[in-house]
Amino acid sequence: MNASHATASDNCLLEAMSPELSRRIVEGSEIATLHVGDVLSEYGKKPSHVYFPLSCSISLVICIDDHPPFELAMIGSDGVLGCSEVLGVSEAPMRAIARSKGETVKMPMQTFKSFLQDFPVLKADVKQYLFELLEQVNRNAGCSHFHQVSGRLARWLLTTADRSHEESC
């Protein structure tokens, strides 16, 4: 499916950009359907694509030794996955797994790098988003440390609802 039929307003980050920039991002990409459990990036590996979720959610998890994976954050139609290149880092900082089935704008990394060069506003917007994502990681770490399982479950359910495509930006 060609991304030129996608609606940039389905992703809050794309919607906040100028119409020209969001249109060009969508045109330089494809619409992909993610399925639960799809691994989109692995810690320490170079991602091949950047993802702007439209109707899916993506979990950012860390795997330590023999312990089960631990979810640090979730990305939904509020943001973007695979954008560490904006910080000059070409490796993924953690594993990313599709948490819910849905569509995403899937942009090749080389195209994203070109856009970062050509559109300084994209770089600024993505850096701001990364700051907000870091705040989410911090809140999740605090919640995991200080709250009982019921409180952590409530937070996870609320976060999942926030990242779903059921409400507008």
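**Strand S3 and its partners**

S3 (residues 49-53) and S7 (residues 102-108) pair in the antiparallel sense over five bridges. Two strands count as paired if DSSP finds at least two bridges between them. Helices (H or I, at least four residues) and strands (E, at least two) are DSSP runs, numbered from the N terminus.

I note that the model is predicted: local features need pLDDT of at least 70 and side-chain atom pairs count only at pLDDT 80 or more, whereas totals for chains, interfaces and linings use all residues. Residues are numbered from 1 along each chain as its sequence is written, and side-chain values use heavy atoms, with hydrogens and water left out.

I then asked how S3 is placed. Five of its five residues are buried, so S3 is largely enclosed by the rest of the structure. Buried means under 20% relative accessible area, exposed means over 50%, and partly exposed lies in between (1.4 Å probe, protein chains only). His-49, Tyr-51 and Pro-53 point one way from S3, while Val-50 and Phe-52 point the other way.

**The sheet**

I traced an open sheet of three strands in the order S1-S7-S3, with antiparallel pairing. Strand S1 (30-34) and S3 stand at the edges with a single partner strand each, so one side of each has no neighbour in the sheet. On average, neighbouring strands of this sheet are turned by 40° against each other, direction ignored. Axes here are lines fitted to C-alpha atoms, for helices over the stretch in contact, and angles run from 0 to 180 degrees between N-to-C directions.

S1 and S7 also pair over five bridges, and I found Val-105 in S7 to be the bridge partner of Ile-31. Helix H3 lies across S3 and S7, running at about 70° to S7.

**The core**

I examined the largest nonpolar core, which has 39 residues. Such a core is a set of buried Ala, Val, Leu, Ile, Met, Phe, Trp, Tyr and Cys residues joined through side-chain atoms within 4.5 Å. Among the members that touch the most others are Ile-25, Phe-52 and Ile-58. Helix H4 (residues 120-146) gives the most to this core, with six residues.

Leaving aside neighbours within four places in sequence, I list for Ile-58 contacts (heavy atoms within 4.5 Å) that include Leu-34, Tyr-51, Leu-81 and Ile-97.

**Cysteines**

I searched the whole structure for disulfides (cysteine sulfur atoms within 2.5 Å) and found zero. Cys-56 is buried at a relative accessible area of 2%, whereas Cys-63 is partly exposed at 39%.

**Salt bridges**

I recorded five salt bridges in the structure. The criterion is a side-chain nitrogen of Lys or Arg within 4 Å of a carboxyl oxygen of Asp or Glu.

Arg-23 and Glu-27 meet in one of them (2.7 Å, N to O). The two residues are four apart in helix H2 (residues 19-27), so they are separated by about one helical turn. Arg-23 is partly exposed at 37% relative accessibility, and Glu-27 is partly exposed at 42%.

Arg-95 and Glu-42 meet at 3.0 Å, N to O. This pair links distant parts of the chain, 53 residues apart: Arg-95 is in strand S6 (residues 95-100) and Glu-42 in the loop between strand S2 (39-41) and S3.

Lys-113 forms a salt bridge with Glu-85, the closest N and O atoms being 4.0 Å apart. Lys-113 lies in H3 (residues 109-118) and Glu-85 in the loop between strand S5 (70-75) and S6, so the pair ties together parts 28 residues apart in sequence.
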